[in-house]
Amino acid sequence: MLNNRFILISLIALSFFGTAVAQETEKETVRYDYSFEFKNGVYPSFYSFRNNSPIPFSRFVSPAYDDDFFKNLLKVETISFYDENGTLNEIPRKTIWGYANNGKPNIYYLDKFNLIPYVGTISHFVSTELVTRYVGGTGTMMYDPMYIPSSTQSYTSEELVHYFIDMNTGEIISYGSKNLLELIKDDTELFNEYSKLSKRKRSKSVMEYVQKYNRKHPIFFNK
C-alpha cells in the first residue's frame, strides 16, 4: 500500500514537473517577427544560433572587441574567448556559424559574413561569388568550361548569388523554384498549389511562396 502511494505521489510530482518545464520553455521562446532582436555576439554553431545563445563580444580575447573587431574576425585563423566558467577556449574561425550585431544576424559563408535580411523557417540571404566567364573571338559568351577556344578571353567578376537556409537543419541551399519545392513538400496544400504554376510563374513567385510557407510554419527563438 505504501509503495502504491509512493508511486502515485511520484507520478503526480513528475506530471507537475513536466508541466512546469513545458510552461517555462514556452515563456523562454517567442515567435519570430521583424521586431525580434537577436542577442549580440558570435554564434559558434547553428545550434547556438537557433537557441539565440551567442558568445558575448565582451568575452573575446582574439580578436579583441574593438572598432576593428569584425574586420579582424575575418583575418584570424583561431578565435579565443572565455566561457561562462572563466575558461579560455579556442576554436577555428572557419567553423563558426555567424554573429549578431545590433540585433541582426549574419551568417559566415564563402569566407565572408553575410547579413540575413529575411528570417523564417525558410530564410533567405544574398552573398557574392567570383564568377569566371569566357568570350569567344566573335564576342559570343561561352558558358561551357569544357569548350574554351584558343581565341577565347576570360574575365572574372563578383556577382550576387541568392541562398535559402533551412532553419530546421541549418542547411544552405541554392535559391530557386526547384529547391523551394523540396523545402515546402511537407505542406501538401502549398506544394500542390506551387507545383501547378507554370515554370515561369514559379520562378517569379519564389519569395511569395517562401513567405506563405513561413506564415503557416512560424519559427521560434529563445528570448
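Q: Hi! Before we start, what counts as a salt bridge here?
A: A salt bridge is a side-chain nitrogen of Lys or Arg within 4 Å of a carboxyl oxygen of Asp or Glu. The model is predicted, so local features need pLDDT of at least 70, side-chain atom pairs count only at pLDDT 80 or more, and totals for chains, interfaces and linings use all residues. Residues are numbered from 1 along each chain as its sequence is written, and side-chain values use heavy atoms, with hydrogens and water left out.

Q: What does glutamate 189 pair with?
A: Glutamate 189 bridges to lysine 216, with the closest N and O atoms 3.2 Å apart. Glutamate 189 sits in helix H5 (residues 188-195) and lysine 216 in helix H7 (residues 206-216), so the pair ties together parts 27 residues apart in sequence. Helices here are DSSP runs (H or I, at least four residues), numbered from the N terminus.

Q: Which residues are networked with those two?
A: Asp187 joins Glu189 and Lys216 in a network of salt bridges.

Q: And where is the partner of glutamate 193?
A: Glutamate 193 forms a salt bridge with lysine 212, at 2.9 Å between the closest N and O atoms. Glutamate 193 lies in helix H5 and lysine 212 in helix H7, so this pair ties together parts 19 residues apart in sequence.

Q: Switching to accessibility: is glutamate 189 buried or exposed?
A: Glutamate 189 is exposed at 55% relative accessibility, whereas lysine 216 is partly exposed at 41%. Buried means under 20% relative accessible area, exposed over 50%, and partly exposed in between (1.4 Å probe, protein chains only).

Methods. Helices (H or I, at least four residues) and strands (E, at least two) are DSSP runs, numbered from the N terminus.
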